[in-house]
Amino acid sequence: MPVITFMEALRQALRDAMHADERVFIIGEDVVHYDSAYGVTKGFVKEFGDKRIRDMPIAEAGYAGLGIGAAMNGLRPVVEMMTTNFALLALDMIVNHAAKIHYMFGGQFTVPIVFRLPNGYGQLSATHSQAFDNYYAYIPGLKVVAPGTPYDAKGMMRAAIEDPDPVIFIEHTGIYSVKGEVPEESYTVPIGKSNLLRDGKDVTIVCYGRMTPMVQQAAEKLAEEGIDAAIVDLRTLRPLDMEPVIESFRKTNRAVIATEEWTSVGVGAEIAARLYTEGFDYIDAPIWRVGFDEVPMPYAKNLETAVVPHPESVIDAVKQVLAGKTQRIRQQ
Amino acid sequence: MDKQDLLADYRTMLLIRSFEEHCQQQYTRARIGGFLHLYVGQEAVAVGAIGALKPQDHLVTHYRDHGHALARGLDPQPLMAELFGRQTGTSKGKGGSMHFADDAKHFWGGYAIVGAHLLLAVGIAYGIQYKREVLGQDDDGVVMCFFGDGATNGGEFYEAISLAALYKLPIVFLCENNEFAMGTPLSVHTAVTEIHKKASPFMPGERINGNDVVEVREKASAAIEHARSGQGPYFIEAMTYRLRGHSAADPQMYRTREDIAARRSNDPIELLKQKLLDEGLLDNKKAKKIESEVEKEVEAAVKFAEESPAPELSEAWDDIYAQPL
Ligand SMILES: Cc1ncc(C[n+]2csc(CCOP(=O)(O)OP(=O)(O)O)c2C)c(N)n1
């Protein structure tokens with residue numbers, strides 16, 4: 001099976017979908033003349049022409065709304081939001097409209113749209129280095145996906161485009177270059193199914209998106225030290241599939257939740273709550289969470305490195321859990 | 001332009017008025033809940049402009065949507081049932097007054113976030129253009145989007161007119177300038193009180209008399225023709241006046257009874273009635289007959305709503321997704 005990057009996997013899925021269905025089109029900032037901010041859709045304008053992929057003005061609410069209206073009217077837009085930070089300007093469109101239209105009109109209209117939201121950091125400081133996964137995962141009516149492997153990236157992008165509901169597709173600039181085996185042919189990976197990536201008996205590490213490859217690295221290092229960690233990749237944040245998580249937790253009785261977000265009130269907080277409620281009978285140790293330190297992202301390289309999670313942060317949290325230590329979350 | 005049937009328009013305006021008066025009564029009896037924004041006084045705008053649309057055209061509006069729905073030909077019975085929160089309502093009792101819609105009539109709904117639906121309307125128009133240019137369909141539809149003067153200060157308004165102009169979309173923006181945004185007078189909420197001028201760098205537009213159904217019909221027809229013929233968007237600012245409160249719960253501290261009384265002479269229904277009487281198209285006997293027909297139609301709608309079942313509790317969990325996982 002070919003080994004390709006996460007970005008190439010996304011590109012293949014988008015290209016396949018564009019070839020398969022003329023109703024699929026891409027809009028976003030700098031997707032044509034600049035030929036794609038991060039390169040995911042590089043070369044598409046040559047292949048598909050400028051009606052199928054179109055540069056949008058810097059008006060995030062504007063083109064998000066344009067996409068939603070076009071989706072209601074029978075098309076299948078893929079909206080690239082440049083980064084998740086700028087997508088904040090489109091929250092009204094996504095939360096009050098895309099997520100509500102099917103419900104509040106009693107099912108008369110559907111909104112088959114995909115919003116691609118790249119996260120990331122890299123000395124970009126406070127406004128350009130954030131994660132808002134929980135904002136979307138909070139909203140009934142949205143489907144929120146954040147694949148952690150190239151295989152899932154390709155299959156879930158195709159599934160997202162074919163889905164009749166609005167899908168928030170969370171990407172990460174730090175995962176684009178991660179490589180993995182990906183079949184050449186087109187396929188879908190179902191939305192709404194978590195995945196046991198690695199079985200283990202000592203601790204269950206729950207993760208998704210960018211943290212998944214980091215957790216995989218951490219698990220390998222832990223194995224060298226004789227610690228057998230299971231990994232459950234959530235892949236979808238709403239609707240959440242807790243079954244593989246609980247199933248693994250039943251065996252390990254210990255959990256670490258690794259997400260790249262400010263820890264308090266994040267997606268990880270929900271997973272922890274579910275483990276306490278749905279998995280209460282199996283808990284043997286405090287559940288730990290790994291995430292950003294709760295500061296606005298600083299610019300200086302050493303500060304940035306200190307406040308973001310690494311494989312070592314996951315390894316450390318696992319050891320704390322195995323030692324039965326309690327976790328204190330610092331907010332100031 | 002298809003010939004305007006003034007008697008039919010008169011009847012529809014009366015239907016809207018009567019529907020709204022009944023809504024007010026039912027609200028007072030607590031059979032209608034939530035926000036109830038009545039359209040009393042603005043009927044000529046909806047009837048004149050929506051009357052100029054063809055079946056393949058599209059309609060998008062805000063929360064003050066009863067008049068627009070009725071003018072587009074929606075049946076008063078499921079509308080009243082929606083207000084009562086019944087299973088037989090247009091949105092199965094899940095939308096209420098602010099979210100009337102009818103898929104089959106290309107009535108894409110009333111929306112309750114001020115200014116936001118202009119962008120959805122732009123998207124629907126983009127969809128028409130895409131279907132024509134990429135999918136090769138011969139869709140010649142036009143979108144008409146209604147909103148108030150208060151919706152023209154926020155960013156989404158400017159993003160909408162800017163995108164519509166950039167892509168030369170087939171859309172007519174129709175601002176109903178009723179001189180108030182909730183309780184805030186026009187001159188207090190905007191520096192540019194001639195609202196159509198806000199759009200003038202982007203598209204042609206004009207201010208019209210929104211209380212004259214003949215003028216509205218004529219100007220709307222021309223605007224729709226402009227959009228349909230590929231010349232891009234058009235902006236109409238229809239001057240009108242809301243004779244009731246912003247919503248049924250509004251104590252109207254921002255204006256006096258005299259202010260409102262002075263505007264009654266401009267009541268679009270009275271103006272049209274006088275015209276019809278003057279032109280011999282209507283006499284008092286015929287007028288009475290129409291009034292009583294309309295009254296019966298709305299009473300039947302109230303009865304239908306009363307007799308309809310409330311939604312099953314399981315309905316709360318339906319329609320969150322088109323495809324639940
Ligand atoms: C974004 C937003 N802000 C505030 C409100 C509350 N609100 C509802 S209607 C309204 C006034 C709008 O006035 P206008 O657009 O002139 O329309 P009209 O009610 O006069 O028909 C306000 C402030 C809202 N629904 N949405």
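In the predicted model, the interface between the two chains involves 50 residues of chain A, which are in contact with 46 residues of chain B. The area buried between chain A and chain B amounts to about 3,900 Å², and carbon and sulfur atoms account for 64% of this area. On the chain A side, A:Asn73, A:Tyr103 and A:Gln108 together supply 18% of the area that chain A buries against chain B, a share exceeding that of any other three residues.

Polar interactions across the interface comprise 23 residue pairs in polar contact, counted where both residues have pLDDT 80 or more. One salt bridge is found between chain A and chain B. This salt bridge joins the side chains of A:Lys51 and B:Glu133, with an N to O distance of 3.4 Å.

Several secondary-structure elements of chain A give two or more residues each to the side that touches chain B. These elements are strands S2 (24–28) and S3 (53–55), together with helices H3 (60–72), H4 (91–98) and H5 (101–104) of chain A. The greatest contribution comes from H3(A), which gives ten residues to the side of chain A that touches chain B. Divided by class, that side of chain A has 25 nonpolar residues, 13 polar residues and twelve charged residues.

Over all chains, a search of the whole structure finds 40 salt bridges. One of the pairs in a salt bridge is B:Arg17 with B:Glu43, whose closest N and O atoms are 2.5 Å apart. B:Arg17 belongs to helix H1 (residues 6–28) of chain B and B:Glu43 to helix H2 (residues 43–50) of chain B, so this pair ties together parts that are 26 residues apart in sequence.

The structure holds two cavities of 30 Å³ or more, and the largest cavity contains about 90 Å³ of space. The largest cavity is lined by 13 residues, of which A:Ile170, A:His172, A:Tyr208, A:Gly209 and A:Arg210 are the closest to its centre. Strand S7 (residues 167–172) of chain A gives the most to this lining, with three residues. By class, the lining of the largest cavity consists of six nonpolar, three polar and four charged residues.

Definitions and conventions
Residues are numbered from 1 along each chain as its sequence is written. Chains are lettered from A and ligands numbered from 1 in the order in which they are written. This is a predicted model: local features need pLDDT of at least 70, side-chain atom pairs count only at pLDDT 80 or more; totals for chains, interfaces and linings use all residues. Side-chain values use heavy atoms; hydrogens and water are left out. Contact means heavy atoms within 4.5 Å. Buried area is the accessible area (1.4 Å probe) that two parts lose on being put together, summed over both. A salt bridge is a side-chain nitrogen of Lys or Arg within 4 Å of a carboxyl oxygen of Asp or Glu. A polar contact is a pair of N or O atoms within 3.5 Å; within protein, one must be able to donate a hydrogen and the other to accept it, and residues adjacent in sequence count only if both atoms are side-chain atoms. Helices (H or I, at least four residues) and strands (E, at least two) are DSSP runs, numbered from the N terminus. Ala, Val, Leu, Ile, Met, Phe, Trp, Tyr, Cys and Pro count as nonpolar, Asp, Glu, Lys and Arg as charged, and the others, Gly among them, as polar. On a 1 Å grid over the protein atoms alone, a cavity is a set of points where a 1.4 Å probe fits but cannot get out, and a pocket is an open set with protein on both sides within 12 Å along at least five of seven lines; lining residues have an atom within 4 Å of a point. Grid points are joined across faces, edges and corners, and a volume is the space filled by probe spheres set on the points.
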